[in-house]
Amino acid sequence: MKISKLKNLWHLPLLLAILVQFWPLVFMISTSFKDMNQIFQASLNPLPLPPTLVNYETVLNNFPFFTFLNNTLFIAIFITVIKLVTSVLAAFAFVYYDFKYKEVIFNSMLLTFFIPFTVLIMPNYLLMSKLGLLNTPWGVILPQLVDGMGIFLMRQTMRGIPKALLEAAVLENASPLQVLYKVILPLIRPSATAISIFFFIDAWNEYFWPLLVLQDKGMYTLPLALQMFISAEGGSEWGIAMAVAMLTCLPPLILYFVSQRFILNTFMQSGVKG
Amino acid sequence: MHKSNWQAWLFLLPATLLFLIFFYRPLIENLYLSFFQWNMISPTMKFVGITNYHSIFVSAELLKIFFNTIFLVFILLILNFVLPYIYSYILGHLITKMQSFYRSALFLPSTISLAVASIIFLWFYNPIAGPLSIILNSIGLESPRWFKEDGLVIIAIATIIAWKSFGYNLIVMLAAMVAVPKELIEAAKLENASNWIIFKRIILPMTSPTALYVFTITVVFGLQYMLVPVNMITQGGPNQGSSNLVYIVYQYAFVFFQTGKSAAFAVLTMIFYVVILVAKYKFIDKKVHYEN
């Protein structure tokens, strides 16, 4: 009896953490439904009373919101699909073949995950400039089509497939591509989906690289557009800013809600052996 | 396992090319550019030897930048390494109910864009009408101007990064925590070992490889994530008070247009990271048992 009561006390720090982690989100949501007066007079009140849609109307009517949305979607989907292909192909080579310098190549790919991003930006910017890709979605997309962690996670997943299954396919004279397509892909679909969602959320949220490449407002992605709503003095259009923030994080949140179990399980693997 | 070098290489080709062009070429190009004076626009570059490195090492700026980096990393290690470590222990071994709820809920902020997080916290820390200033006012304190004062600005930036990273680090740590056999802990409890002793003697040694991974990503990702709030909110200010080894690489290239100095800082940053990574791999390779 005494022990079970003591155990319950450990829920307190966890609940406190949830409060701290959710508070900013609650504020974003409630502020986005408040008008200017409510924002400044009742900023601690998490309930917008009465809720108003005026901020959302302003965003949809006065800003090219759907242009931002389209730009973000195009870039995020393109990156996700190609990253998935490059990761699956590379992981397959590491699992299916035995070749010279395998470990060295694998490690040098995984290591790129730890290369600090700022170290890459100037040389990559100069390259995009030479190729004439500045201020285009391609300039944003091109340097992001491969992912060290993606290859690592994909390889971990493929390693879980029993070798006998692959050997059986080979005995039936299946080509490597057929083995990949008919045997491996159907088996790794849940993890591959989770990894793709993680690619998509990452690309969707990207701020810094698009900021350097894209100059015209018509090219902006949603995270970039957010910058337009904060002025040097700290801004005054908080309701509108929060409405854009809210719309920006909605797609990742929805994806997370529908696939959280897969995502969490995949992420939990990421640190165990690396 | 199939031995066909050329087939394997065909599958590796797309990833290899992209890594070489967009990850390894820049490292070499930085080294090259760091010996030149250039403004990114002029058609000619001037070879200046080690002048760029020299001017970095004699400037007063380096010390400030270095201190800012260490201070930021220090706060992040507390919020994103020590705290998740303790929380993963609580979550994995001290409670029995609602684990998957806590796991899902605490991870949620990790899916949100740092640009969104920066906007929310900019409002939260607003010294005139923001929620924090109202709380401070109500207990008779005046809100400082968080993003305009030395020291405070780094704390405020760190909380934004910590908010985003906490959940990811927690569940990575949790994976290692739940892998510690329950029987081992039960046995220790039968011998009346306290939670602290269990933590120190069983948990700590058995989770140290993952802990080192989380330690590394706290530093590496923390300094990466920092770019967004610093650029959106402070641009390195006040008076370089929120700049650091990583941000200054961007500043010299894209704000001051001194590619040589930017590249030299990039090389120094890379060395800073290599030291961290080498330390990590040296330590980990002795302890981790790899499958296959």
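I began with B:Arg25 and B:Glu29, which both sit in helix 1 (residues 5-33) of chain B, four residues apart, or about one turn of the helix. Helices here are DSSP runs of H or I with at least four residues, strands are E runs of at least two, and both are numbered from the N terminus. The model is predicted, so I note that local features need pLDDT of at least 70 and side-chain atom pairs pLDDT 80 or more, while totals for chains, interfaces and linings use all residues. Residues are numbered from 1 along each chain as its sequence is written, chains are lettered from A and ligands numbered from 1 in the order in which they are written, and side-chain values use heavy atoms, without hydrogens and water.

Entry 1: I found a salt bridge between B:Glu29 and B:Arg25, with the closest N and O atoms 2.6 Å apart. The term requires a side-chain nitrogen of Lys or Arg within 4 Å of a carboxyl oxygen of Asp or Glu. An α-helix has 3.6 residues a turn, so residues three or four places apart point the same way. I looked up the cover next: B:Glu29 is buried at 19% relative accessible area, and B:Arg25 is partly exposed at 22%. Buried means under 20%, exposed over 50%, and partly exposed in between, using a 1.4 Å probe and protein chains only.

**Entry 2: the other salt bridges.** In chain A, the side chains of A:Lys83 and A:Asp147 meet at 3.0 Å, N to O. This pair links distant parts of the chain, 64 residues apart: A:Lys83 is in helix 5 (residues 65-96), and A:Asp147 is in the loop between helix 8 (137-141) and helix 9 (148-159). A:Lys83 is buried at 6%, and A:Asp147 is buried at 10%.

B:Asp150 lies in the loop between helix 6 (131-138) and helix 7 (152-178), and B:Lys64 in helix 3 (residues 60-94), 86 residues apart. B:Lys64 is partly exposed at 28%.

**Entry 3: the course of helix 1.** Which residue of helix 1 of chain B marks a kink? I located a kink of about 50 degrees at B:Leu12, shortly before the proline B:Pro14; the bend is the angle between axes fitted to the seven residues ending at a residue and the seven starting there. B:Leu13 is in helix 1 of chain B as well, and is partly exposed at 42%.
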